Amino acid sequence: HKFHILKGVRNIRAAFEDKDASPVYMANFLYMSGFAFFTSFSGILLVNRYGLDEAGIGTFFGVVGLCMVITQLFILRLVTKHYKERPIIRFTVPVVAASMAVFPFLGSIGLTYALMPVIAVAQGLTMANMTALVSKSVSPEKQGAALGINGSLLAFSQGTIPLLAGFASGAVGVMAPFLAAAVFMAGSWWVLFLRKR
């Protein structure tokens, strides 16, 4: 097929036109938007709250990355042997949302480090199973297109949310992006499990 510069925009439109898969697309978009709030402003909070320098921020995100690698290599395999995608997401999304809500209110860097494995493990399980849910929400011949559409939605969230988070933190304070993250993730859970079809 010919490449078109507006393919990503068309993918986003296609996500809302597909009645069967649109709830999964929307849930994934809301969840990743929430996580984009966290990733774009967690470093700023750590500098403002605890005075971390470049090495401290690098160490922090290194710990997060290590936890996610362990999740993807070992924990995910163990969990998916016993549970399907939806039961896993039903549990992990509220865990990440609650962690986002309490993150800016932790009183020490030690508590922040203690929370990070919880966030990283739940995030790793959520992302892998959200992607699986997207591919299973369409017929086999549409799975490649579905993952492309999903990729466009994720790129859109990661491109726009930091801008919104910047305005929110400037107007309300540095805690605002984390509370917004919790709200977006709660919305994702609502779309998947409470919204009437």
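Colleague: What should I know before reading the numbers?
Modeller: The model is predicted, so local features need pLDDT of at least 70 and side-chain atom pairs count only at pLDDT 80 or more, while totals for chains, interfaces and linings use all residues. Residues are numbered from 1 along each chain as its sequence is written, and side-chain values use heavy atoms, with hydrogens and water left out.

Colleague: How many helices and strands are in the chain?
Modeller: There are 7 helices and 0 strands. Helices (H or I, at least four residues) and strands (E, at least two) are DSSP runs, numbered from the N terminus.

Colleague: How much of the chain is buried?
Modeller: Buried residues make up 41% of its 197 residues. Buried means under 20% relative accessible area, exposed over 50%, and partly exposed in between (1.4 Å probe, protein chains only).

Colleague: New topic. How many aromatic pairs does a search of the whole structure find?
Modeller: The search finds 9. Rings of Phe, Tyr and Trp (its six-membered ring) pair if their centres lie within 6.5 Å; planes under 30 degrees apart count as stacked, over 60 as edge-to-face and the rest as tilted.

Colleague: Why is the pair of Phe38 and Phe103 called edge-to-face?
Modeller: The ring centres are 5.2 Å apart and the planes are at 85°, so the pair is edge-to-face.

Colleague: Which parts does that pair tie together?
Modeller: Phe38 is in helix α2 (residues 22-50) and Phe103 is in the loop between α4 (85-102) and α5 (109-136), so the pair ties together parts 65 residues apart in sequence.

Colleague: Are Phe38 and Phe103 buried or exposed?
Modeller: Phe38 counts as buried at 2% relative accessibility, and Phe103 counts as buried at 1%. Phe35, Phe38, Phe103 and Phe178 form one aromatic cluster.

Colleague: What does Thr112 touch?
Modeller: Not counting residues up to four places away in sequence, Thr112 touches Leu46, Tyr50, Phe60, Phe103 and Leu106. Contact means heavy atoms within 4.5 Å. Thr112 is found in helix α5 and counts as buried at 1% relative accessibility.

Colleague: And how do the axes of α4 and α5 cross?
Modeller: Their axes come within 8 Å and cross at roughly 140°. Axes are lines fitted to C-alpha atoms, for helices over the stretch in contact, and angles run from 0 to 180 degrees between N-to-C directions.

Colleague: Which residues of α4 and α5 make the contact?
Modeller: Among them are Ile88, Thr92 and Val96 of α4 and Val118, Ala122 and Leu125 of α5.
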